[in-house]
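Hi,

Here is the structure I promised to pass on.

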Amino acid sequence: MPIKLGLIGKTNTGKTTFYNAATLSSEEISSYPFTTKKPVSGIAHAITLCVHPEFKIQDNPNNSKCVDGWRYIPVELIDLPGLIKDAWKGKGLGNQFLSIAAQSDALLRVVDASGGIDSSGKITEVGSGDPISDFADIEEELILWYHKILEGNRDKVSKSIRTGSSIVDAITDLYRGIGVNPTHVKDSLLKLGLGDKEFDNFDMVDTKKLASYIRKISKPTLIVANKIDVEGADKNFARLRERFNDSIVIPVSGDSEFSLRRAEQKGLIKYSPGSEQFEIIKSEDLNEKQINALDFIKKGIMGEYMRTGVQFAINVAVFKLLKMNSIYPVADEKLLADKKGRVLPDLILLKAGATIADLAKEIHTDLTKGLLYGKDLRYNLRLPVDYQLRDRDVVSLVSASKK
């Protein structure tokens with residue numbers, strides 16, 4: 001299954017523009033509230049350098065694609081309707097929205113860096129809104145929802161503990177469907193100094209702190225400071241970075257990326273998603289308005305921030321927040337190919353710390369049976385099954401049956 005990234009935020013922050021730019025989709029974009037009425041899912045890509053130039057061979061990708069030496073790895077991007085106050089109580093799409101958001105592997109929290117929306121998400125005078133408050137409002141809704149799950153199941157947790165379960169397992173069971181594992185719960189209890197406290201003695205402050213920390217570490221989040229192309233947004237971007245200095249804040253112009261992707265699709269420019277530059281190919285087919293827009297993107301966005309930020313945000317979410325490594329498994333050690341002769345066909349994303357055994361399980365559970373070792377094909381080294389894979393490893397798996 002591909003990695004799931006959830007786009008969340010208030011209405012009119014530009015989530016759908018970001019989504020369309022990343023997926024080259026054409027979902028409706030409008031300034032009236034709740035244009036996105038239900039979650040929309042599409043395929044975007046995380047991009048990383050391919051290993052085939054290093055091995056001086058031509059690859060034949062199967063589960064991803066390779067363009068100019070860059071691997072495009074499919075990820076699922078989910079555009080969620082704008083969140084409203086008291087969603088945790090069920091208002092708006094309420095629990096449905098929050099449940100889908102929580103099932104994402106990581107969250108891209110989109111805020112309007114121009115300050116062009118009010119507290120309810122309605123369009124207002126640029127600069128009069130506060131993206132810091134907007135972020136805090138959404139965070140509070142998420143925390144309250146996690147808290148509601150815990151508080152609403154106190155009796156269930158207490159009963160589970162009385163019948164022999166540990167507090168870690170009992171709490172994990174409440175959140176298991178939204179990506180929380182025992183390590184998240186254990187680490188949260190220890191961090192908050194609640195590890196030795198009887199659950200029945202937890203007060204509301206304890207449970208809210210616990211719910212908040214579980215949300216934080218189980219659902220990695222970055223802040224997308226969108227509309228950075230609007231005058232004055234740079235000041236709010238600086239405020240966001242200062243206020244949320246424990247989070248990654250990325251300046252983004254969804255409009256600029258969408259314009260570049262469309263122009264590239266029409267053959268007017270040469271541009272790769274996330275690139276720091278583009279080249280105009282058919283200047284004679286561009287009108288004055290288009291030329292001015294491209295000039296602004298080149299000077300005002302790329303000149304100031306290096307890139308539009310859309311692709312960069314996706315890459316950061318996958319490789320930094322989720323700490324994914326790119327692994328290339330092959331069957332044929334000499335040709336670096338699969339059984340069908342395809343060279344470097346697959347790229348598998350595995351979390352940092354994943355082992356040869358984890359790779360075997362990811363490819364097919366049967367591979368774990370009789371697994372002897374892995375082989376690093378870059379350095380021709382035998383790797384034990386508990387070897388922790390590193391980014392860009394090219395490996396083959398050796399089992400008793402294969403040998």
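**What I found**

Helix H1 is mostly covered, with 9 of its 9 residues buried (buried means under 20% relative accessible area, exposed over 50%, and partly exposed in between, using a 1.4 Å probe and protein chains only). Those residues are Lys15, Thr16, Thr17, Phe18, Tyr19, Asn20, Ala21, Ala22 and Thr23. Leucine 24 follows H1 and has a positive phi, near 55°. Helices (H or I, at least four residues) and strands (E, at least two) are DSSP runs, numbered from the N terminus.

Before you go further, please keep in mind that this is a predicted model, in which local features need pLDDT of at least 70 and side-chain atom pairs count only at pLDDT 80 or more, while totals for chains, interfaces and linings use all residues. Residues are numbered from 1 along each chain as its sequence is written, and side-chain values use heavy atoms, with hydrogens and water left out.

**The cores**

The largest nonpolar core has 42 residues, and Leu5, Phe18, Leu77 and Leu222 have the most contacts inside it. By nonpolar core I mean a set of buried Ala, Val, Leu, Ile, Met, Phe, Trp, Tyr and Cys residues joined through side-chain atoms within 4.5 Å. At least two residues each come from strand S1 (4–8), helix H1 (15–23), strand S2 (40–49), strand S4 (70–79), strand S5 (106–112), strand S6 (221–226), helix H12 (310–321) and strand S10 (324–329). H12 gives the most to this core, with 7 residues. Another core, of 31 residues, lies apart from it and includes Leu142, Leu150, Ile167 and Leu174.

Contact here means heavy atoms within 4.5 Å.

Arginine 109 sits in strand S5. Is arginine 109 buried or exposed? With a relative accessible area of 2%, arginine 109 is buried. Its contacts, again leaving out residues up to four places away in sequence, are Ile8, Phe135, Ile138, Glu139, Leu142, Thr221, Leu222, Ile223 and Val224.

**Helices**

H5 (residues 154–162) and H6 (residues 167–175) have axes that come within 9 Å and cross at roughly 145°. The axes are lines fitted to C-alpha atoms, for helices over the stretch in contact, and angles run from 0 to 180 degrees between N-to-C directions. On the H5 side, Lys156, Val157, Ser160 and Ile161 meet Ile167, Ala170, Ile171 and Leu174 in H6. The residues of this contact divide into 6 nonpolar, 1 polar and 1 charged (Ala, Val, Leu, Ile, Met, Phe, Trp, Tyr, Cys and Pro count as nonpolar, Asp, Glu, Lys and Arg as charged, and the others, Gly among them, as polar).

Helix H10 (residues 254–265) has 12 residues, which at 1.5 Å a residue should span 16 Å, and its end C-alpha atoms are 16 Å apart, which agrees. The expected span is 1.5 Å times one less than the number of residues in the helix. Within H10, Gly254, Ser256, Glu257, Phe258, Leu260, Arg261 and Ala263 are buried. What covers them includes H1, S6, strand S8 (269–270), H11 and H12. Just after H10, glycine 267 takes a positive phi of about 80°.

Cysteine 50 is in the loop between S2 and helix H2 (52–55), and is buried at 4% relative accessible area. Neighbours within four places in sequence aside, cysteine 50 is in contact with Asp59, Cys66, Gly69, Trp70, Arg71, Tyr328 and Arg392. Cysteine 50 and leucine 344 are 294 residues apart in sequence and 9.5 Å apart in space, C-alpha to C-alpha.

One of those contacts, Arg392, is found in the loop between strand S13 (381–383) and strand S14 (393–399). Arginine 392 has a positive phi of about 75° although it is not a glycine, and counts as partly exposed at 21% relative accessibility.

Methionine 306, in the loop between helix H11 (288–305) and H12, has a positive phi too, near 80°. At 40% relative accessibility, methionine 306 counts as partly exposed.

Cheers
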